[in-house]
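Here are my notes on the two-chain model you sent over. Please keep the structure open while you read.

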2 protein chains.
Amino acid sequence: MEQRVSLITLGVPDMEKSAEFYEALGWKRADSPDGVIAFDLISQTLGLYPLAALAEEIGLPIGALGTGAVTLSHNTRSKAEVAQLLAAAERAGADVLKPAQDVFWGGHHGYFRSPDGHIWEIAFNPFSPLDGNGAFRWNGY
Amino acid sequence: MEQRVSLITLGVPDMEKSAEFYEALGWKRADSPDGVIAFDLISQTLGLYPLAALAEEIGLPIGALGTGAVTLSHNTRSKAEVAQLLAAAERAGADVLKPAQDVFWGGHHGYFRSPDGHIWEIAFNPFSPLDGNGAFRWNGY
């Protein structure tokens with residue numbers, strides 16, 4: 001199995017409401033057929049999909065599908081961007097779970113929960129800077 | 001907010017056990033300090049992190065952290081690879097939730113649950129082929 005994640009799917013109760021949250025943060029939808037809303041990321045895609053349909057597709061009861069044990073981190077190009085993006089997420093309807101703060105390993109981060117319950121970290125890692133294209137490779141810090 | 005996910009974190013109860021699952025599938029660990037196990041993906045990193053520590057970091061009770069509403073899809077280069085990778089995951093200790101099968105939209109896929117409870121899709125999408133580097137861009141099918 002090669003080392004890649006091609007598609008991250010977020011099961012959500014209300015597709016349009018969730019899409020509007022990401023659009024409020026400046027993301028652009030890709031062309032999508034009915035039933036999926038997709039956002040192109042770097043070499044992968046993030047898809048919104050109805051939670052009930054996802055449960056049926058996986059074959060697990062909808063009540064068994066939870067969030068939080070998978071978190072998605074968006075790394076920034078500067079420390080100041082962390083507080084800025086958390087504030088933007090809050091304005092778009094997210095709950096800030098942890099305000100921007102320095103972390104013991106030398107970075108700076110915070111967490112928000114999107115209106116549909118998914119958990120995002122906004123992080124600045126001075127030891128593993130993004131390249132010009134936004135690509136990330138963790139340098140072990 | 002630019003469109004990228006830099007780090008995907010999977011909260012897991014037993015770090016080494018989870019790492020061994022991915023290693024059994026052929027993945028190689030990046031150099032990691034104590035407390036994190038990282039795998040380099042394309043322009044991003046997948047990190048294993050203790051579920052209890054993740055709960056503390058987010059500020060939610062550990063019992064609130066669930067799986068399944070976020071799924072990770074690994075797309076393949078061929079249809080045959082789907083069944084092969086599901087079988088490899090099963091040998092490594094995963095439960096196959098859905099065996100390899102054609103999908104209504106014209107692709108071929110299946111799902112497994114890793115030993116720590118995370119849900120992976122293995123998918124072949126003939127309309128959105130991977131490029132030589134394994135990069136994926138969804139073409140709307």
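1. A caution to begin with. This is a predicted model.

2. The contact between the chains. Chain A puts in 57 residues, and chain B puts in 57 residues. On chain A, the elements that each supply at least two residues are β1, β2, β3, α2, β4, α3 and β5. β4(A) gives the most, with six residues.

3. Make-up of that side. The side of chain A that touches chain B has 31 nonpolar residues. Another 20 are polar, and six are charged.

4. β4(A) pairs with β1 of chain B, residues 7-12. The sense is antiparallel, over four bridges. Look at V70(A): its bridge partner in β1(B) is L10(B).

5. Length of α3(B). This helix runs over residues 80-91 of chain B. Its twelve residues, at 1.5 Å a residue, should span 16 Å. The end C-alpha atoms of α3(B) are 17 Å apart, which agrees.

6. Buried face of α3(B). Which residues of α3(B) are buried? They are E81(B), V82(B), L85(B), L86(B) and A89(B). Seen down the helix axis, these buried residues fall within an arc of 135°, so they line one face of α3(B). An α-helix has 3.6 residues a turn, so residues three or four places apart point the same way.

Definitions and conventions
Residues are numbered from 1 along each chain as its sequence is written. Chains are lettered from A and ligands numbered from 1 in the order in which they are written. This is a predicted model: local features need pLDDT of at least 70, side-chain atom pairs count only at pLDDT 80 or more; totals for chains, interfaces and linings use all residues. Two residues are in contact if their C-beta atoms, placed from the backbone, lie within 7 Å. Ala, Val, Leu, Ile, Met, Phe, Trp, Tyr, Cys and Pro count as nonpolar, Asp, Glu, Lys and Arg as charged, and the others, Gly among them, as polar. Two strands pair if DSSP finds at least two bridges between them. The expected span of a helix is 1.5 Å times one less than its number of residues. A residue is buried if 20 or more other C-beta atoms lie within 10 Å of its own, exposed if 12 or fewer, and partly exposed in between; C-beta atoms are placed from the backbone. The arc is that of the directions from the helix axis to the C-beta atoms.
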